[in-house]
Structures are given as structure tokens and as C-alpha cells.
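Q: I am new to this structure and would like to learn how to read it. Where do we begin?

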Amino acid sequence: MKTKITEMFGIQHPIIQGGMHYVGYAELAAAVSNAGGLGIITGLTQRTAADLANEIAKCKKLTDKPFGVNLTFLPVVDAPDYPGYIKAIIEGGVKIVETAGRSPEKYMPELKAAGIKIIHKCTSVRHALKAEKIGCDAVSVDGFECGGHPGEDDIPNMILLPRAFQDLKIPFVASGGIGTASQFVAALAMGAEGINMGTRFVATKEAPVHQNVKDAIVKASELDTRLVMRGLRNTERVLNNSTVEKLMVIEAEKGKDVTFEDVAPYVAGVYGKVMKNGELEAGAWSCGMVAGLINDIPTCKELIDRLMTEAEDIIKNRLNKML
Ligand SMILES: Cc1cc2nc3c(=O)[nH]c(=O)nc-3n(C[C@H](O)[C@H](O)[C@H](O)COP(=O)(O)O)c2cc1C
């Protein structure tokens with residue numbers, strides 16, 4: 001399949017693995033890229049810029065295909081060493097960066113000067129248009145269904161994608177809630193040039209996370225995610241568990257007065273415990289509604305090959321026969 005995204009990034013299939021905290025290590029990024037998609041290393045999971053440089057070097061040993069690095073701009077006072085991470089990306093020869101969170105505007109000149117393509121992930125058409133205006137090459141449009149941070153507008157992809165198609169000039173991929181070929185084809189029909197998946201890639205053989213996490217995603221239905229941190233305007237879609245239920249009680253009690261200190265015991269420092277040790281109840285961790293459509297733990301190649309074969313079948317046979 002040839003789309004503006006496969007051309008832009010020099011990849012075989014228009015399928016991207018979004019940056020994921022404590023999941024997007026070199027092993028997963030390389031497996032996705034080797035399968036013809038675009039794997040992405042999560043920058044901030046690496047504690048320092050030097051660690052990121054090592055992770056990039058490791059990924060280069062595992063694949064000779066293009067891969068990217070995710071830079072998530074967090075709304076925090078003590079900002080991570082973004083200039084250091086960007087230096088590691090440039091010196092490591094990485095040519096694709098997925099930005100997310102806040103606008104990457106401040107770092108655009110440096111990234112552009114290094115010949116890096118920037119795909120900004122955002123949850124609204126207005127933010128996508130801003131990304132286009134500041135020179136991003138593409139956007140990843142993340143619908144309300146997504147695992148992680150869906151923003152505060154609550155617009156699902158059935159509306160968000162056609163809206164993006166109406167207004168955007170740069171290419172976009174559909175992100176959030178996708179795990180099957182029928183959704184992939186629907187996203188293309190709505191104007192996307194490819195897809196970005198998070199949760200679906202966590203439940204793969206190569207994802208370097210504890211088996212408990214993968215099994216929990218397979219077991220979960222579409223009813224099993226919850227939204228936390230709404231009161232802080234930092235909404236996160238997470239898999240429900242006993243700790244999330246306690247957090248939701250506290251959030252309901254505090255209402256509009258909720259502070260980060262109130263929620264911190266349930267959300268801070270959780271990912272290592274969950275992803276590495278398999279302590280599923282350690283706190284709130286991101287997971288999308290697509291968990292309800294995930295019933296197996298394939299290799300990245302099996303997953304991507306299946307999506308491509310089935311998508312082709314849907315387009316050539318099911319849809320074409322309707323004409
Ligand atoms: C466990 C997990 C961790 C994530 N961490 C990040 C992150 O650090 N930075 C980021 O930009 N997106 C993060 N995301 C969002 C994904 O990159 C992607 O946009 C999202 O998962 C798409 O929705 P889906 O899960 O329905 O496919 C995370 C998602 C998950 C499931």
C-alpha cells in the first residue's frame with residue numbers, strides 16, 4: 001500500500017507504533033520497523049539524554065529500517081532535558097520525531113535544520129491546524145477512544161477524522177481505538193493516510209513488558225477503561241483496577257478542588273511497577289478501549305501482515321463488490 005505517510009517516512013506499510021512510556025524501547029520499535037511499519041522509541045522513558053543515545057544505538061543494531069523517537073512535552077514545572085534529548089536524536093541520525101503533549105514550536109527550527117520529519121500527535125482539529133502552521137510534516141489525530149491522554153474535547157474518531165480531513169492540508173494518520181483491519185480501512189476512507197496504534201502493540205510478543213500486562217489487555221473488554229485526572233485537565237484513559245477505583249472515589253469527593261498531590265499516590269511512579277514487575281494494581285496505567293477488540297498476542301510481523309492482508313481483502317472484495 002502506498003500513501004503519503006509511507007512515502008514521507010520511507011516505510012512499507014502505513015502503520016505506526018505510538019510512543020509509550022515504559023513500552024517503547026528499542027526491542028519493540030525495531031520489531032515494528034522490521035515488520036514494515038514505523039517503530040517509535042519513547043524518549044522520556046530514558047532517564048537521561050545519554051540513555052536515549054544508547055537506546056537509539058541499540059535500535060540501529062536491531063533494524064536497518066527507519067524508526068522514530070517520541071518526545072512528549074509535559075505540563076510540568078521541572079521540564080526534562082529536552083535540548084539534551086534532541087541532541088541525542090540528531091546525533092543518533094534519527095530522521096523522524098513524534099511529538100505529543102504541548103506544541104513542539106520551540107524546538108521546530110533545530111529539528112527541521114537536522115532534516116527531521118515531525119509528526120505531532122494531538123486530539124483536536126485546532127491543535128492539528130496549529131501543528132500544520134508551525135511546520136509539522138504530518139499529524140497523528142488521536143480520538144477520544146485512545147489509550148493515554150485523549151485531551152478534554154471528547155470527540156471520537158468517527159467525527160474527528162473527517163473533521164481533520166476537511167481542514168488539514170498536511171497528511172494525518174488516525175490514532176486511538178484501532179486494532180483491526182476494518183478500522184484501518186475505515187480510517188483511510190475518512191481521509192487518514194495511515195494509522196497509529198498504542199494498546200494493540202502492547203499486546204505483542206516483542207513488547208518488552210510483563211506478561212501480566214499483555215494478558216490483562218487480552219482479558220479486558222471495551223467497558224474496562226476509565227478516565228482519570230479529568231479535574232486536573234490532564235485526562236488519562238486507563239485500565240480499571242482496584243487502585244483506579246480508589247482514585248476515582250477521591251476525585252469525586254474533591255471535585256473541582258482536586259490537586260495533583262491528591263492523585264499522585266495513584267499515578268506517579270506507577271509505570272515501572274506495572275510494565276516491568278507486572279504489578280497491575282500498582283496504580284493507573286494507560287490503556288485504550290480497543291482492548292475489547294484484542295484477543296491474542298501475535299508478533300509485530302504477524303499483526304502487521306494480518307492488518308495489511310485483511311485490509312486489502314476488505315477493499316478489493318467486500319467494498320468493491322458493493323459497487
Ligand atoms: C501504556 C501506554 C503508554 C503511553 N505513553 C505515551 C507517551 O509516553 N507519550 C505519548 O505521546 N503517548 C503515549 N501513549 C499514547 C500512544 O502513543 C497512542 O497515541 C495511543 O495509545 C493510541 O490509542 P490506542 O491505545 O487506542 O491505540 C501511551 C499509550 C499507552 C497504551
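**Reading the chain**

A: The chain has 14 helices and ten strands, where helices (H or I, at least four residues) and strands (E, at least two) are DSSP runs numbered from the N terminus. This is a predicted model, in which local features need pLDDT of at least 70, side-chain atom pairs count only at pLDDT 80 or more, and totals for chains, interfaces and linings use all residues. Residues are numbered from 1 along each chain as its sequence is written.

Q: How is a pair of packed helices described?

A: Two packed helices are described by the angle between their axes and the distance between the axes. Here α6 (residues 125–133) and α7 (residues 157–167) pack at about 35 degrees, with axes 10 Å apart. Axes are lines fitted to C-alpha atoms, for helices over the stretch in contact, and angles run from 0 to 180 degrees between N-to-C directions.

Q: Which residues of α6 and α7 meet?

A: Val125, Ala128 and Leu129 of α6 meet Arg163, Ala164 and Asp167 of α7; contact means C-beta atoms, placed from the backbone, within 7 Å.

Q: Which residues of helix α12 are buried?

A: An α-helix has 3.6 residues a turn, so residues three or four places apart point the same way. In α12 (residues 260–267), Val263, Tyr266 and Val267 are buried. A residue is buried if 20 or more other C-beta atoms, placed from the backbone, lie within 10 Å of its own, exposed if 12 or fewer, and partly exposed in between. The buried residues of α12 pack against α11 (242–254), while the face turned away from them carries exposed Glu261 and Ala264.

Q: What follows α12?

A: Glycine 269 follows α12, with a positive phi near 65 degrees.

Technical notes:
Two residues are in contact if their C-beta atoms, placed from the backbone, lie within 7 Å.
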